[in-house]
Each structure stands twice: as C-alpha cells, then as structure tokens.
Number of protein chains: 2
Amino acid sequence: MTINYLRDGNEIYRQSFAIIRSEANLSLLAPDVVNVAVRLIHACGMTDIVDDLVASPTAVASARTALKAGAPILCDARMVAEGIIRRRLPAENTVICTLNHPDVPQLAQQLATTRSAAALELWRSHLAGAVVAIGNAPTALFRLLEMLDAGAAKPAVILGFPVGFVGAAESKAALAADSRGVPFLTLLGRRGGSAIAAAAVNALALEEE
Amino acid sequence: MTINYLRDGNEIYRQSFAIIRSEANLSLLAPDVVNVAVRLIHACGMTDIVDDLVASPTAVASARTALKAGAPILCDARMVAEGIIRRRLPAENTVICTLNHPDVPQLAQQLATTRSAAALELWRSHLAGAVVAIGNAPTALFRLLEMLDAGAAKPAVILGFPVGFVGAAESKAALAADSRGVPFLTLLGRRGGSAIAAAAVNALALEEE
C-alpha cells in the first residue's frame, strides 16, 4: 500500500536542481543568469526554455540590488503574487497586485483596454526602482512599455513572462527589442506564465538555490 | 508612443481559442475533452501538450456533475486556488487549500513527508465526491493514491498536474496506470503546474469558453 517515492523536500529540491544542471544547456548564459535559469526551468519542467531566455546585461544585478534595498514587487496577476516565497525576500519587500482593486473595471472602460493593463495605472506611485513581474497578461507588458514611453518612472527590472497566443510573443519581442532603458529578463515566444514569473522573483531574491 | 496591440479582453480570448483550434491536433481526443484541452493549451501556450493528455472516459462528466452539485475543490497549492475563476463556478463551490494550515509542519514531521503531502491529512473530511486539483507537488499526488489504497473516500475526479523533475512524471504515470477507481485527467511527463491545474477546473466549471 506504500508507494516508493522521495518524501524529503530538501532532497527533492537538490535532486531536481542536479537533474536540471546535468540536462540543460546553460553554457551560453551569463554566469549570474545561470542560477535564475535553473529555477525557471524547475518551475515549468522544461530544460529547453534556455533557448528562449533573454537577459539584459545588468538585469540580475539590478534586481538583486533593488530587492535588498527593499524595492516593492509589482505583479500583474494574483497567481504571481501567491507564488513569491515571502521568506526568501531579503527586506520583507511588499508584494503588490492591483488587478482586483475596485477602481480597475472603470479604469479599463475609460482606457478602453483590459483590466490587466488598466491595473498598471495604480502602479505609478510604486514604479520607481520597483521589481516588475508580469506572468500573465501581454496587455500589461505592452501597457508598461507605453507608460515608460510617456515618461513614467523606471523600475529596476522588468521580469516579462506573459503567456499565450495573442500578444505574448509580440509583447516580449517588443521588450527585448527596446526595453526603454530598463534592465529586463524575458522568455521569447508563447511560453511563460505566473509560475515562471514568480520563480524569477524567488531566484533573484536569494542567491542560494 | 502608442503600440498597436489588441486591447479587448473578449476578443483576445476569442482569437486565442481560434488559434489553438486551428493549430492543435484535437482530433484524437474524446469530444467532451476537447474544450478542456483548449483551455489547458491556453494556460501554457503549448499546443503539443495534447500528446501527453490522458483522460479517463468519465472524467469530464464526473467533474461537471460534481461541480454543479456543489462539490468542494481541493488544491495542493495556493497558486492553484488563486487561478480558479470564482464567477465560473456553478454552485459557489468552496475552494480549499490546506497547505498553510498551522498543523501542517508538524504533520509533515510526524509523517516524514513534505508539507504538500501532509496537507492532504486535512482533506479527509472533504474528499468524498470532491474535485481534486494538484498543480504543484508530486508528493501530494502520490500521497492521495496511498490514501485511496488505505480506504480514503473517493473524490469525483483527480486533476493531476504536478510539475518538475523528481516524481512528477512518476506520480502521473502511477495515476494513469491505476487511478484507484477515480476518474482522472492528467498530463504525462514533467510538464504541468498550477496554471494548467487551475485552467482544468475553470474549463470543467463552465462548458462555454
């Protein structure tokens, strides 16, 4: 009646990261991106996301410095916020998701856009030096780029991982082509999602795996 | 300064599902599994998950009947619980995640297992006829199979989507090989995750896309 499987959480993590490091081609990544990539792979079960991973040269350092300094973490979706492991955060950083704020439906109507994009209006006072983690909505990433074009304060890093078939690949390509001077980490193509976005924050929050 | 992209949420959904239906090979799926598969693909951005999708013959019908009758939804992770769209649920079904219950760390120690697996001890009184959605921990799925072997009440359906490199493929293979008489839906291999598990619940909660 007892099934034979590994039940030790720490050992499961250790073996998982060992398998990832033995199977994934991490050789082309910048040294400080490797730890982050391992954790992104761990979140999705796919070693080949490395091929689509793009990090600007200062993305990892900028994110780590910001988090240590207490930067807030701005998330487009509640699932991203839930996936962030609070005990890894170096400065009890605030995790903010404005999607369910009562003003958002009306803002979406006024701005003729999705709720996910409209919710960024409520990020404005937190944006300067923040860690932005987008794990769901392409429209949120597009809207962030528009806000930066219009002069919004720059975050410390954009973790751009929207997922799906309409706008996801396009919004991430737009970020990678011109991140408006903001360091960024993204996964080109359709893949992404809240688990990957949260894993990026978790990896950047604490260097040890 | 304005980027050209689709901003109408309903139209984004419509186009997404149309792209999925044009690209994914849905022809080998049972008719009642197709809608569910479309939504799983939508959650992860990958049409080829169809190849790894396994549904027992009565899984979709059993899940829909249970949800309409008010069955609770038992989730292994907070991210799964957050991903369930409450307004789609047909009977204001309760969404339960016991992972953060204060008794769980001690239970994990007593049972010499992970917190994710130990948290299932607190499912026992809810299990009969429930919808189980596992989107993170292989040990939770293994533990559920052990509890069923030991005579625990049967849920209406097991949505088995743990992700990762240690135990994920193995636990889902064990479910597909012998689901202990419980209807099930699973994605073989390493892929899975909370977004896919939540998408399965959302698809089964309401037939319309």
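**Why these labels? A chat about a predicted two-chain model**

According to an unreviewed UniProt entry, the annotation "domain: Cobalamin biosynthesis precorrin-8X methylmutase CobH/CbiC" covers residues 11–205 of chain A; such annotations may be inferred rather than shown by experiment. This is a predicted model, where local features need pLDDT of at least 70, side-chain atom pairs count only at pLDDT 80 or more, and totals for chains, interfaces and linings use all residues. Residues are numbered from 1 along each chain as its sequence is written, chains are lettered from A and ligands numbered from 1 in the order in which they are written, and side-chain values use heavy atoms, leaving out hydrogens and water.

Reader: What makes up residues 11–205 of chain A, in helix and strand?
Author: That span is 46% helix and 11% strand, counting DSSP runs (H or I, at least four residues, for helices; E, at least two, for strands). Its end C-alpha atoms lie 21 Å apart.

Reader: Why is α7(B) called largely enclosed?
Author: Buried means under 20% relative accessible area, exposed over 50%, partly exposed in between (1.4 Å probe, protein chains only). Eleven of the twelve residues of α7(B) are buried, so the rest of the structure largely encloses this helix. Among them are Phe142(B), Arg143(B) and Glu146(B). The cover includes α1 (9–23) of chain A, along with α6, β4, β5 and α8 of chain B. Just after the helix, Gly151(B) takes a positive phi of about 100 degrees.

Reader: Why is Glu92(A) counted as exposed?
Author: Glu92(A) has 76% relative accessibility, so it counts as exposed. It sits in the loop between α4 (78–83) and β3 (95–97) of chain A, and its phi is near 45 degrees, a positive value in a residue other than glycine.

Reader: What makes you say the copies meet through the same surface?
Author: 100% of the interface residues of chain B are also interface residues in chain A, so the surface is the same. Contact here means heavy atoms within 4.5 Å.
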